[in-house]
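Welcome! Here are a few exercises on reading a protein model, each with a worked solution. Take a look at the model first, then try each task before you read on.

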Amino acid sequence: MNITCSRKDLIEALDAISKIVPNKPQTPILSGVYMKAEGSALELQTNNFEIGMKIKIPVNTEKPGVIVVNARYLLEIVRKLSGEVVNIFHDEEKHTVNIKSDTADFNLLSMSAEDYPTVKSPETFAKFSLRASVLKNLIRKTAYACSDDMDSKPIFTGCYLKLEGNTVSMVATNTHRLAVMKETVSENTEDLSVVIPSKTVTELIRLLDTSNPSNTVSIECSKKNISFTFENMYITSRLIDGEFPPYEKVIPKSSDTIATIKVAEMKNPIERISLIAKETENKNIQFIFSQEGINISAYSPDIGRAEEKINAKIEGPDLTISFNYSYMTDVLKVLDSKEFVMKLTKPLSPADIREIDNDNFIYIMTPVRTY
């Protein structure tokens, strides 16, 4: 292989795929990036058997070929180069890859391309498209609610994607909180429901470009995998086996106390009080809802106490309730309206949070028992 390409293009591609490379690979070959040069394109691949990615960038190919080289070292080298153009030459006899740019000259050992588990495109039974902005918003509004506990059931470590008619929904829960987001699409799609690992959707939200409203993502599903194709990228991921629980059952049907709160007025006090709350056993913040507003506090016998009062419109009886502070800070980060409504029933009953004039988003969180 002998190619010349833009350093900027190469950095962007390597930066994207390096996130897929495992920190502790099962075999040395999985620490590498697979690079195939042919014609005017260089295809880069990484695969950790859970997520696989392909990216293509334009190159000038003097000699086509296929190589595998350590992904992280290559990225660090290219990042530190001073030139705008990079030349990559593979010496097949010496099993080395020469990287040149401006006055810099590096040589890395290459690995056998024949041993690399290249990314395959499985046979699919369903295919549909979503606008990149729609998919990104579905992920942004829900993925943070997935479980990050390795001991929890696998089904709770992923996002539930459901298509029905012209409605697409994404749901995530760790059994202590629930985030639901729905979007309406212009065309009817075939009914489908799958659970996508949170690691996959986290990568998607990082890579999706929503600067152009017309950008779309082509999505294909097989029995065990799902793939996403957009711009110069192809991502495939395994699906999580199992049936997602009937999440609708945990959404409260009624409420006694209703608080209408400005996001900005709640966000900063919560962040300040969390400095104390995160040092407590349950990381909880206490909320006292009354006609005078909301009193927010946290107490740690080892650190001290923090307390603030914010204005809010309260309808219904006074109520004292406690929540894990991160469950509140996480949802405040994704609210798009200036105000939100918090519906409550009893001190040990779940709270229901909605945006003003947006019935498509629902967030449910269970309180912390403090006695």
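At 1% relative accessibility, Thr46 counts as buried, a word that stands for under 20% relative accessible area, with over 50% called exposed and the range in between partly exposed (1.4 Å probe, protein chains only). This is a predicted model, where local features need pLDDT of at least 70, side-chain atom pairs count only at pLDDT 80 or more, and totals for chains, interfaces and linings use all residues. Residues are numbered from 1 along each chain as its sequence is written, and side-chain values use heavy atoms, leaving out hydrogens and water.

**Exercise 1.** Find where Thr46 sits and what surrounds Thr46.

*Solution.* Step 1: locate Thr46 in strand 3 (residues 41-47); strands (E, at least two residues) and helices (H or I, at least four) are DSSP runs, numbered from the N terminus. Step 2: look for contacts, meaning heavy atoms within 4.5 Å. Leaving aside neighbours within four places in sequence, Thr46 touches residues including Ile17, Ile20, Val33, Met53 and Tyr116. Step 3: follow the side chain of Thr46, which reaches the backbone oxygen of Ile17 at 3.4 Å.

**Exercise 2.** Work out why strand 20 is described as largely enclosed, and find its partner.

*Solution.* Step 1: strand 20 covers residues 319-324, and five of its six residues are buried, so the rest of the structure largely encloses this strand. Step 2: strand 16 (residues 284-290) pairs with strand 20 in the antiparallel sense over six bridges; pairing requires that DSSP finds at least two bridges between two strands. Step 3: within this pair, pick out Gln286, which stands opposite Ser322 in strand 20.

**Exercise 3.** Describe the lining of the largest cavity.

*Solution.* Step 1: a cavity is a set of points on a 1 Å grid over the protein atoms alone where a 1.4 Å probe fits but cannot get out, and its lining residues have an atom within 4 Å of a point. Step 2: the structure holds one cavity of 30 Å³ or more. Step 3: its lining is made of Lys267, Glu271, Thr329, Leu332 and Lys333. Helix 5 (263-277) and helix 6 (325-334) are the elements that give two or more residues to this lining, and helix 6 gives the most, with three. Step 4: sort the lining of the largest cavity by class to get one nonpolar, one polar and three charged residues. Here Ala, Val, Leu, Ile, Met, Phe, Trp, Tyr, Cys and Pro count as nonpolar, Asp, Glu, Lys and Arg as charged, and the others, Gly among them, as polar.

Definitions and conventions:
A polar contact is a pair of N or O atoms within 3.5 Å; within protein, one must be able to donate a hydrogen and the other to accept it, and residues adjacent in sequence count only if both atoms are side-chain atoms. On a 1 Å grid over the protein atoms alone, a cavity is a set of points where a 1.4 Å probe fits but cannot get out, and a pocket is an open set with protein on both sides within 12 Å along at least five of seven lines; lining residues have an atom within 4 Å of a point. Grid points are joined across faces, edges and corners, and a volume is the space filled by probe spheres set on the points.
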